[in-house]
Amino acid sequence: MNQPTLADEEIIVHLIKDFIEREGLFKKSDKKYSKVKKTRELIRRIQYMELSYGRVVDDIPQTIRDLVNYLKTQPISRYLPLLSQDLDIELQKEFALGRYNQLTPAILELITEDNAHEQIQKHIVALREKIIKSGKEEFYEICRFFFAAENNFETRNNLKRRMTKLKIPASWQDEIIQNFYVSVGNKKLSKEFCPYCGNPLTNEHLETSKVCRHFKQTDFFFKPITKSFNITEEVYCFDEKVVKSIVIPNIGEQRLRDLLLTIPGVIEVVMYPYFDSYDLKVVTKTRTFWIDVKDYQYPRSLAQYFAKEYKQAQKLLRPRQTDIRSEDVFLLIPKHRIEISSDRYLKRLRTNLENRNLSRIKVISEGDFIKLLKKEIKGDY
Ligand SMILES: [Zn+2]
């Protein structure tokens, strides 16, 4: 029997996620059949994993009940030895499921976020190409900002009206809707939406979305957005991946830009310079910084993203543009991310980058970057 590979382990993680997750509010429900099929597949894969490590047949789950019990009593390092190497020792001992059949932080950390980012990145790249061709760099910022909370859960007409107002060419509009939105059908809705990410504001939303709760508690407080729709109108909401890779980061980046502009001696802050090669360009009298802001929930996923996307890593290590010195390029982790994750986020990110031979990427927290910037401005080295 072949030794299981990393890919085998990744499939198990995703099957566990599918097995346990409830349907989202508007998501098309999985056909029951495929759910059952996936559960069987999960049992089969765990059996294979156990057998290939030479374990006793009695220990191996056969039924759904066994499976639940197994996921609640066996440490993940038992059947995911390769993946769990990236985790802290105490997380390696954790089970996949908690007392109430919820996914534990340990297993959640193994669910990579980068697939979602990758797909939406493709659409962003396509949009960027259009903008480059049009020769109007300012469209880039406009389009990024368009994906703000108030443009979620809207009718096609309203979306187009808003785009037209921002002078986004009419010929791009359908494609933008097609690539970044999904239809949720024609529902009669009069609902409140989260002012941060634009998702429906349920009772638990601000509890379950750590990021939105954080924004609510700290610098920003926005009122919920209320919208009503007619029963005959088709309503469009963001593709979930847009919330994750555009909307939430935008809140953080805008806030950071505003904050940086309050520091005396900061001459200019440009968002998405070189058509989004970086997130921020920060200019002082003596030095220009190029900042890539990355807001991943788990350090492991972020390190994996750079390992997979060589171009992105290269951008931080050896910039293509001749006016960018590599010592001025930083990977910045926003304040809210460090505050809502553990205080070891940065340490774990650095370890994960080292494990992938990417230790030369300069990781900096928002707080430390501000200190560095102030030092530069004062000129005391
Ligand atoms: Zn939200």
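Tyrosine 272 has a relative accessibility of 2%, so it counts as buried (buried means under 20% relative accessible area, exposed over 50% and partly exposed in between, with a 1.4 Å probe and protein chains only). You'll find tyrosine 272 in the loop between strand 6 (266–271) and helix 14 (273–276). Helices (H or I, at least four residues) and strands (E, at least two) are DSSP runs, numbered from the N terminus. Tyrosine 272 has a phi near 55 degrees, a positive value in a residue other than glycine. Most residues other than glycine have a negative phi.

Lysine 167 also shows a positive phi, near 65 degrees, and isn't a glycine. Its place is in the loop between helix 9 (156–165) and helix 10 (170–180). With 65% relative accessibility, lysine 167 counts as exposed.

## What kind of model this is

This is a predicted model, where local features need pLDDT of at least 70, side-chain atom pairs count only at pLDDT 80 or more, and totals for chains, interfaces and linings use all residues. Residues are numbered from 1 along each chain as its sequence is written, and side-chain values use heavy atoms, leaving out hydrogens and water.

The pLDDT is the predictor's confidence in each residue, from 0 to 100. The chain averages 83, and 92% of the residues score at least 70. Over residues 23–29, though, the pLDDT is below 50, and this stretch has 11 contacts in the model beyond near neighbours in sequence (contact means heavy atoms within 4.5 Å).

## The zinc site

Which residues hold the zinc ion's protein donors? They are Cys194 (SG), Cys197 (SG), His205 (NE2) and Cys212 (SG), lying 2.1 to 2.4 Å from the ion. Donors here are N, O and S atoms within 2.8 Å of the metal (3.2 Å for Na, K and Ca); water is not among the atoms, so sites may look incomplete. Along the sequence, the donor residues are spaced C-x2-C-x7-H-x6-C. Histidine 205 and cysteine 212 are both buried.

The 4 donor atoms subtend angles of 103 to 114 degrees around the zinc ion, which makes the arrangement tetrahedral. Four donors count as tetrahedral if all angles lie between 85 and 135 degrees. For four tetrahedral donors, the ideal angle is 109.5 degrees.

Valine 243 sits in helix 13 (residues 240–261) and is buried, with a relative accessible area of 8%. Leaving aside residues up to four places away in sequence, valine 243 touches Cys197, Asn199, Phe238, Ile248 and Pro249. Cys197 is one of the zinc donors. The C-alpha atoms of valine 243 and glutamate 233 are separated by 23 Å, with the two residues 10 apart along the chain.

## Rings and charges

There are 10 aromatic pairs in the structure. Rings of Phe, Tyr and Trp (its six-membered ring) pair if their centres lie within 6.5 Å; planes under 30 degrees apart count as stacked, over 60 as edge-to-face and the rest as tilted. Tyrosine 181 and phenylalanine 238 make a tilted pair, 5.1 Å centre to centre with 35 degrees between the planes. Tyrosine 181 lies in strand 2 (residues 181–183) and phenylalanine 238 in strand 5 (residues 235–238), so the pair ties together parts that are 57 residues apart in sequence. Tyrosine 181 counts as buried at 4% relative accessibility, and phenylalanine 238 counts as buried at 4% too.

Elsewhere, Tyr274, Tyr278 and Trp290 form one aromatic cluster. Lysine 315 lies over the face of tyrosine 278, 5.8 Å from the ring centre. Lysine 362 lies over the face of phenylalanine 330, at 5.4 Å from the ring centre. (A charge sits over a ring if NZ of Lys or CZ of Arg is within 6 Å of the ring centre and within 35 degrees of the ring normal.)

Helix 15 (residues 299–308) has 8 of its 10 residues buried, so it is largely enclosed by the rest of the structure. Among the buried ones are Arg300, Gln304 and Phe306.

Threonine 284 lies in strand 7 (residues 280–284) and counts as buried at 4% relative accessibility. Its contacts, not counting residues up to four places away in sequence, include Gly265, Leu373 and Glu376. Threonine 284 and glutamate 376 are 92 residues apart along the chain, with their C-alpha atoms separated by 8.1 Å. Glutamine 121, in helix 7 (residues 114–134), is partly exposed, with a relative accessible area of 27%. Glutamine 121 and serine 245 are 124 residues apart in sequence and 8.2 Å apart in space, C-alpha to C-alpha.

Definitions and conventions. Tetrahedral: all angles 85-135°; square planar, octahedral: opposite > 155°, others 65-115°.
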